[in-house]
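Load the model in your viewer and keep the selection panel at hand.

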Amino acid sequence: MKVFIANRGEIAVRILKTLKRLDIPSVAIYSDADKYAQHVELADEAVRLGPAPVKASYLNTDAIFAAVEQTGATAIHPGYGLLSENADFADACEKRGLAFIGPRPQHMIDFGLKHTARELAIANDVPLLPGSEIVDTLEEALSEADRITYPLMLKSTAGGGGIGMQLCWNAEELSEAYESVKRLSENNFANSGIFLEKFVQKARHIEAQIFGDGQGKVIALGERDCSVQRRNQKVIEETPAPDISPELRKDLLDTAVRLAEAANYRSAGTVEFVYDVDAAQFYFLEVNTRLQVEHCVTEEVTGVDLVEWMVKLAAGEMPDLANIEISPSGAAIQARVYAEDPNKNFQPSSGLLTEVSFPKDARVDTWIETSTEVSAFYDPLLAKVITKGANRAEAIAKLANALSVSRVEGIETNLEYLENILASEAFLKAEHTTNFCDSLVYHPTTIDVVEAGTQTTVQDYPGRVGYWDIGVPPSGPFDPYAFRLGNKILGNDETAAGLEITVTGPT
């Protein structure tokens, strides 16, 4: 087997590390923006696809299949995002005799559209929130909304990642959002189908990790709580889900397995549920027919390498699932480090990374290093920092410590925001819900320079010294005494960096 990785970023690096451990040859792809990316260096072979935009590179299936033929790869791992849940792509792989390392195309069709997934859930006695079929007009949507009652979610039937979802509290908001959500759905997923679903005001997001052999046997590898979300995008994930009873946990996992076995599900997948805190009841949300970003926490408590399982299943070397017993141990938690500026309403950030440093005592899945150029063309996920403890409190404490010593310099990131979440009393007490981030009080300790001012510079003491022998003169503060005194007044180390204003001040 020679595995072709049809992806980029940290998931490509993650897959490559497993393939190297298994001594399986690998092929990576890259765009012009990723020419020097870490996954390109790790792979045995790497093929350029095209310019940076995803349509011209990572979504260019003609270029991908040409690269597969050129390198003689026999299997494709799609990772997550991009083409990972594209049934046409998976079908094209199998028709070319390539092993698609993931679910069957039919599974993507069955579960890929949320309204058809709801139909499967109904047929298999899976609890569902009140909702509608596909609504074709605004009038139909308003009529269904009166039946379901507000508040409710207007949702795209395709896609994910929080795109194509809008919370509506009344008919006026539904009327305003209808065309926008329909347009987003069409533009992002080439499917304009939208439907309505009852909104649970005090909800948690709990999901079950499953793995199936494609022959009717599916096992669950525990559940994850992914309730800490911002704009419907997950930020913190953990396992086991805190503050739920053993009976509810078993019922949730059994339900996930029952639904997946009904479809003869193959490979890794996730069955997602919304949990009504007040009613202590879970409801089916959707099935993600791929490896999830948050699979790492499950691996930490089970000792299972899910990528290895996916590869072995595709190679026909997977042990019988009936003989595998999963016994999770301890607790694990993951934080997503994003290239975004919390001080500017989380707008994306891009540029050259001048320093990247993560602690050695935490698991860090990342694609960045010092000198990496973070492009504006792709998903802002830079790294996942994962820690494990004997219990939830220990895992959180380890993660907080790991984030406090992590450094990603050169662009803005959400590192400080993540630390703020972990220090929140509501989170520590497991009282958080999916709207937790909306009420999180966060004051970024950053400076936004609007106008520099004449000869205002960033300096530190003693500055650049010791390079006269190669012709580089020393530099540093214009007034080193005043500079050090200022740091002393503030309680800083005298070598701390600061702004030195010599003519006119900045804004």
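Is Asp91 buried, partly exposed or exposed? Asp91 is partly exposed, because its relative accessible area is 29%; buried means under 20% relative accessible area, exposed over 50%, and partly exposed in between, with a 1.4 Å probe and protein chains only.

Before going on, some conventions. This is a predicted model, in which local features need pLDDT of at least 70 and side-chain atom pairs count only at pLDDT 80 or more, while totals for chains, interfaces and linings use all residues. Residues are numbered from 1 along each chain as its sequence is written, and side-chain values use heavy atoms, with hydrogens and water left out.

**Salt bridges**

A salt bridge here is a side-chain nitrogen of Lys or Arg within 4 Å of a carboxyl oxygen of Asp or Glu. Both residues lie in helix H4 (residues 87-95), four residues apart, about one turn of the helix. Helices (H or I, at least four residues) and strands (E, at least two) are DSSP runs, numbered from the N terminus. Lys95 counts as exposed, because its relative accessibility is 68%.

The structure holds 35 salt bridges. For another one, select Asp44 and Lys20, whose closest N and O atoms are 3.8 Å apart. Asp44 sits in the loop between helix H2 (38-42) and strand S3 (45-50) and Lys20 in helix H1 (residues 9-21), so this pair ties together parts that are 24 residues apart in sequence. Asp44 is partly exposed at 49% relative accessible area, and Lys20 is partly exposed at 41%.

Next select Glu238 and Arg392, whose side chains meet in a salt bridge of 2.7 Å, N to O. This pair links distant parts of the chain, with Glu238 in strand S11 (residues 233-239) and Arg392 in helix H12 (residues 392-404), 154 residues apart. Both Glu238 and Arg392 are buried.

**A strand pair**

Show strands S6 (residues 152-156) and S8 (residues 194-198). S6 and S8 run antiparallel and are joined by five bridges; two strands pair if DSSP finds at least two bridges between them. Leu154 stands opposite Leu196 in S8. Four of the five residues of S8 are buried.

**Cavity and pocket**

Rolling a probe the size of a water molecule over the atoms shows where empty space is left. On a 1 Å grid over the protein atoms alone, a cavity is a set of points where a 1.4 Å probe fits but cannot get out, and a pocket is an open set with protein on both sides within 12 Å along at least five of seven lines; lining residues have an atom within 4 Å of a point. Grid points are joined across faces, edges and corners, and a volume is the space filled by probe spheres set on the points.

How many cavities of 30 Å³ or more are there? The count is one. The largest cavity has a volume of about 40 Å³. To find the largest cavity, select its lining: Arg230, Gln233, Val235, Tyr338, Glu340, Phe346, Asn414 and Tyr417.

The second largest pocket holds about 740 Å³ of space. Of its 24 lining residues, Glu409, Glu412, Thr445, Thr446 and Ile447 lie nearest its centre. Strand S22 (407-409), helix H13 (415-422) and S24 each give two or more residues to this lining.

**Backbone exceptions**

Most residues other than glycine have a negative phi, and most peptide bonds are trans. Select Tyr150 and Pro151: the peptide bond between them is cis, with omega near -5°. Pro151 lies in the loop between helix H7 (138-148) and S6. Thr239 and Pro240 are also joined by a cis peptide bond, with omega about -5°. Pro240 lies in the loop between S11 and helix H9 (246-262).

Finish at Ser371, which has a positive phi of about 90° although it is not a glycine. Ser371 lies in the loop between strand S19 (363-366) and strand S20 (373-374), and counts as exposed at 53% relative accessibility.
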